[in-house]
Amino acid sequence: MKIALHEIPVREVINGYIDSAENGVVGYSGKLNIRPAFQREFIYKDKQRDEVIRTIRKNFPLNVMYWVLSDNGGYELLDGQQRTISVCQYINGDFSIDHLAFHNLTKAEQEQILDYPLMIYICEGTDKEKLDWFKIINIAGEQLTAQELRNAIYTGEWLTESKKYFSKTQCPAYQIAGDYLSGSAIRQNYLETAIKWIAARDGIEIEDYMSQHQHDTNCNELWLYFQTVINWVKATFPNYRKKLMQGLDWGIYYNKYGAKSYDPKQLEKRLVELLDDEDVSNQKGIYEYLLDGNEKHLSIRAFSPKMARTAYERQKGICPKCGKHFEIEEMQADHITPWSKGGRTIPENCQMLCADCNRRKSNI
């Protein structure tokens, strides 16, 4: 890996600056790819962005940046995207600081910014060397998410296409499923979720899926699968409840239960009943319970220690199943009438069973 330090004035870096969905983000007379496929989206908050400009205006040193020499003779920005775009956007008139845009500054003030030397290390090496260096230099600052690190490893046309659907503000994934997803598109949470779901369908890890498809020319399989999942969710549970539905692993549910037939009206009726059931401690688990009937998703409210002690004294320490006496520490509180059959978590429905009898009952 060859690394050489260069001083490149701002005016040269911002020359030919373009930021568009079609052409990406470029500068340096079209020779610098400011946002290669492995780079994150622009995530600086206004305060961070403004401080970059203030640093330059005061002639204070800005942290070094890294470019890599591409095979075509151009450059890819390895580290410093947030600072570079901040400078380009300010000079382009996209924002102002203290009510002063770039065009409001005096000629001398503008020239000072344009002449400011950016300290840039230009690197040459193999793809693996470049990506290894990318991970090292990004340990500091805005920490990379797990998916951003994966993007750095599995860069290619497939990733570029996938990011159009899952990694942009107001991207197609947000448009159809923003209400069902947690996290942020630009921090790669949507892309990570979609790949996790489809990888689970195939019984592999996220990294395996990205490795298999790295050199595909499109991401049609992923996008069509994702749409299928979201359409299935909307058809199966048409009444949207944000607090309960956002962030659930809908793709995992689809993989397991999507081939079964459900009656949305009956599901909704049962869902309302469960929402009113005080014994259901985990309401977000209601959806998977409705799909597979496993009570563990609901975290049914347990009997309190006081209820258990009352039942133990009533039984005089005798397990009603095997007839043997046990200390209270050797017994477990159990629903006489199971919750699934209408039994409540109340003192009258509590019995104490020895661990062995309770286990056998649970397996019936």
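This is a predicted model: local features need pLDDT of at least 70, side-chain atom pairs count only at pLDDT 80 or more; totals for chains, interfaces and linings use all residues.
Guide: Residues are numbered from 1 along each chain as its sequence is written, and side-chain values use heavy atoms, with hydrogens and water left out.

Visitor: What radius of gyration does the protein chain have?

Guide: The radius is taken over C-alpha atoms, and the globule rule is 2.2 Å times the number of residues to the power 0.38. A compact globule of 364 residues would come out near 21 Å. The C-alpha trace here spans about 90 × 40 × 40 Å along its principal axes. The radius of gyration of the protein chain is 29 Å.

Visitor: How many helices and strands does the protein chain have?

Guide: Helices (H or I, at least four residues) and strands (E, at least two) are DSSP runs, numbered from the N terminus. The count for the protein chain is 17 helices and nine strands.

Visitor: What percentage of the 364 residues is buried?

Guide: Buried means under 20% relative accessible area, exposed means over 50%, and partly exposed lies in between (1.4 Å probe, protein chains only). In the protein chain, the buried part of the 364 residues is 45%.

Visitor: How far apart are the mean positions of the positive and negative charges?

Guide: Lys and Arg count as positive and Asp and Glu as negative, with His and the chain ends not counted. Each charge is placed at NZ of Lys, CZ of Arg, CG of Asp or CD of Glu. The protein chain has 46 positive and 50 negative charges. Their mean positions are separated by 6 Å.

Visitor: How many disulfides does a search of the whole structure find?

Guide: A disulfide is a covalent bond between the sulfur atoms of two cysteines. The search takes a pair of cysteine sulfur atoms within 2.5 Å as a disulfide. The number found in the whole structure is zero.

Visitor: Which cysteine sulfur is nearest to that of Cys123, and which to that of Cys354?

Guide: Cys123 is in no disulfide, and 19 Å away is its nearest cysteine sulfur, that of Cys88. Cys354 is also in no disulfide, and its nearest cysteine sulfur lies 3.3 Å away. Cys123 is buried at a relative accessible area of 0%, and Cys354 is buried at 4%. The residues asked for are Cys88 for Cys123, and for Cys354, Cys357.

Visitor: Is Leu353 buried or exposed?

Guide: Leu353 is found in strand E9 (residues 350-354). Not counting residues up to four places away in sequence, Leu353 touches Cys319, Pro320, Lys321, Met331, Gln332, Asp334, Asn358 and Lys361. With a relative accessible area of 0%, Leu353 is buried.

Visitor: In which strand is Asp334 found?

Guide: Asp334 counts as buried, at 10% relative accessibility. Among the residues that Asp334 touches are Phe303, Asn349, Cys350 and Leu353. The strand, covering residues 331-335, is E8.

Visitor: How far apart in space are Glu129 and Lys2?

Guide: Glu129 lies in helix H5 (residues 127-137), and is partly exposed with a relative accessible area of 32%. In sequence, Glu129 and Lys2 are 127 residues apart. From C-alpha to C-alpha, their separation in space is 9.9 Å.

Visitor: What is the phi of Gln170, and what is that of Lys316?

Guide: Gln170 is in the loop between helix H7 (157-166) and helix H8 (172-177), and counts as partly exposed at 48% relative accessibility. Lys316 lies in the loop between helix H16 (305-315) and E8, and is exposed, with a relative accessible area of 65%. Neither residue is a glycine, yet each has a positive phi. For Gln170 the value is about 60°, and for Lys316 it is near 55°.

Note on methods:
Contact means heavy atoms within 4.5 Å.
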